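I opened this entry to look up ring contacts, a hairpin and the nonpolar cores. My notes follow in the order I took them.

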Amino acid sequence: MACRLPALMLSLLLAPFAGAAPGPVTVVENVSGYTLDDGELRRFAGLSFADGVVLALHGTAAEAAAAHGDRRIDGAGATLLPGLIDAHGHVAGHGKALATVRLGGAGSEAEAAARVAAFAADNPGAGWIEGNGWNQVTWPGRAFPRRAALDSVVPDRPVALARVDGHALWVNSRALELAGIDADTEDPAGGQILRDDAGEPTGILIDNAMALVAAARPAEDLAATMAHLARGLADLAANGLTAVHDAGVTAQELAGYRRLLARGELPVRVYAMLSLRDPAVSAQLAAGPEQDSRGMLTVRSVKLYADGALGSRGAALLDPYSDEPENRGLLLREPAELEAQMRRAAAAGFQVNVHAIGDRANRLVLDAFGRLPDRALLRHRVEHAQILTLPDLERFAALDVIASVQPTHATSDKNMAADRLGEARLAGAYAWQSLLESGARVAFGSDFPVEDPNPFFGLHAAVTRQDREGEPPGGWRPAERLDRATALSLFTEGAAWAMHEEARLGRLLPGYAADFILVRDDPFAVPPGDLWRNAVLATWVDGRQVYSANSGE
């Protein structure tokens, strides 16, 4: 997509919002504004909105000053951008992660265990101790941790810690005992219980094996679920996100969203993907898609899983793992069962979004999509689409299937992916530019809490193909770098298309929602390596300010 930065700002006031006379008009002035229009950048110096809808863009400061407004906001020279949309995250999981043991960045098994010990000491009344974010591939030796390290710090309470990708669980002996897992427990279909040389569980459960521990944990009530959702959404607003695609919403989480909506307490638009792992969502499938009049809560998609993740060697591969030749990963559902679920959801009018990371999983999912009717109408998606053969990469456009991808996964996985795959299979891995060049529709997200929800981290990763320490020099697989306008478009227009909202969201043009953010740095002026350092000053959704850096709202 072209990045067009005209020397002369827009001097023509765009057409005013058509329809009934608007309510009180707000004018935002003294800003350096950018919007996208089919991937191309337009600049402006002011914006007017009313009733949650953009009325006009003002091309110059003089035009903004002359515009009628019942209220005026001085942007103080900040940069104004369309609200950013995360096309794949887990809101309740993020909210819960903010309140439990946070293991991201722990440099060793011992450091992770020390964090658990500190949390346990600070929370003596907690029954189960939970957390997430550990990543053994960044530790010395890169070996999976063991239950003994947790037993040594918390022997009397169950501990369950999700790996950074959410596809492996590290537990202590007490948790294994409560779940009834011992040397005689068989691996469930689509899951694995890691064992030592004596056949005893080591404390690591992969993919569907995690459900054995989940079944032993006390059920969470609606109030706790709502607290996780509210905490997570508030953090997303603070990160400049005005909409999120929640990838795997249970019936209880949907009930929580509905209650927050009724109270007027949704600060961010939610595009809910129903989790077909939860049998209770069947009632919503039968009822069909729904959306409130303001577009704050939309239910018209489902989430399914084909395989696991690369870091835990659960991604389903066509050929064995390079660093574990007897392993080809896991299919979490038999292909026929997965396709039956896909057909069921599509027949009910729901967009079908399938997690697929390995090349075998992606091929099976694309094959199944090829047999579904009304693909262009429903806009089905592959979530992650990380490891693709080159022939399968070309199929997304032909099948009208969206690639919903996360640019920070490339920079997080760069040190591990070659070990797992070898160099040859990297040709179609994390290949966002190649997907675009093939004609595929692409949407960007983060997969929080697996990654940080800060969208400027994602923009930085997409543009530089480097981590935030600037490694590697020149970028990892730099042919897949994107220009800044394209990267921004995939966090706005691309994500809006993927949620069927391209006529309302993703752009700041007359008639579009007044979803926008004010940020400290101009992302088209700073050095590429500094894109991730940007700071959000304020977030507006549906014409309502939902976050201010000054007040912490």
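I started with charges over rings. Arg 441 lies over the face of Trp 497, and I read 3.7 Å to the ring centre. I then looked up Arg 468. Its charged end sits over the ring of Phe 457, 3.8 Å from the centre. I note here that the model is a predicted one.

Next I turned to aromatic pairs. I get a count of twelve. I took Tyr 34 and Phe 524 to begin with. Their ring centres are 4.7 Å apart and the planes stand at 40°, so I log the pair as tilted. The angle falls between the cut-offs of 30 degrees for stacked and 60 for edge-to-face. Where do Tyr 34 and Phe 524 sit in the chain? Tyr 34 is in strand 1, residues 26-37. Phe 524 is in the loop between strand 21 (516-519) and strand 22 (536-541). The two are 490 residues apart, and the pair links distant parts of the chain. Are they buried or exposed? I find both Tyr 34 and Phe 524 buried.

I went on to Trp 139 and Trp 170. The ring centres are 6.3 Å apart with planes at 65°, so this pair is edge-to-face. Trp 139 lies in the loop between strand 8 (129-134) and helix 4 (147-151), while Trp 170 belongs to strand 10 (residues 168-171). The pair therefore ties together parts 31 residues apart in sequence. Trp 139 and Trp 170 are each buried.

Then I checked the hairpin. Strand 22 and strand 23 form it, with two residues between them. Asp 542 in the turn has a positive phi of about 55°. The strands run antiparallel, and four bridges join strand 22 to strand 23 (residues 544-548). I see Thr 539 opposite Tyr 547 of strand 23.

Last, the nonpolar cores. Which residues touch the most other members of the largest one? I have Leu 310, Phe 396 and Phe 444, out of 99 residues. I listed the contacts of Phe 444, leaving aside neighbours within four places in sequence. Among them are Ile 85, Asp 86, Ala 87, Val 405, Pro 407 and Trp 432. The list also includes Leu 482, Leu 490 and Phe 491. A second, separate core has 25 residues, including Ala 106, Phe 144, Val 159 and Ile 206.

Technical notes. Residues numbered from 1 in each chain as written. Predicted model: local features only at pLDDT ≥ 70, side-chain atom pairs only at ≥ 80, totals over all residues. Heavy atoms only, no water. Phe/Tyr/Trp six-rings, centres within 6.5 Å; stacked < 30°, edge-to-face > 60°. Buried < 20%, exposed > 50% of the residue type's maximum accessible area, 1.4 Å probe, protein only. Lys NZ or Arg CZ within 6 Å of the ring centre and 35° of its normal. Pairing = 2+ DSSP bridges. Core = buried A, V, L, I, M, F, W, Y, C linked by side-chain atoms within 4.5 Å. Contact = heavy atoms within 4.5 Å.
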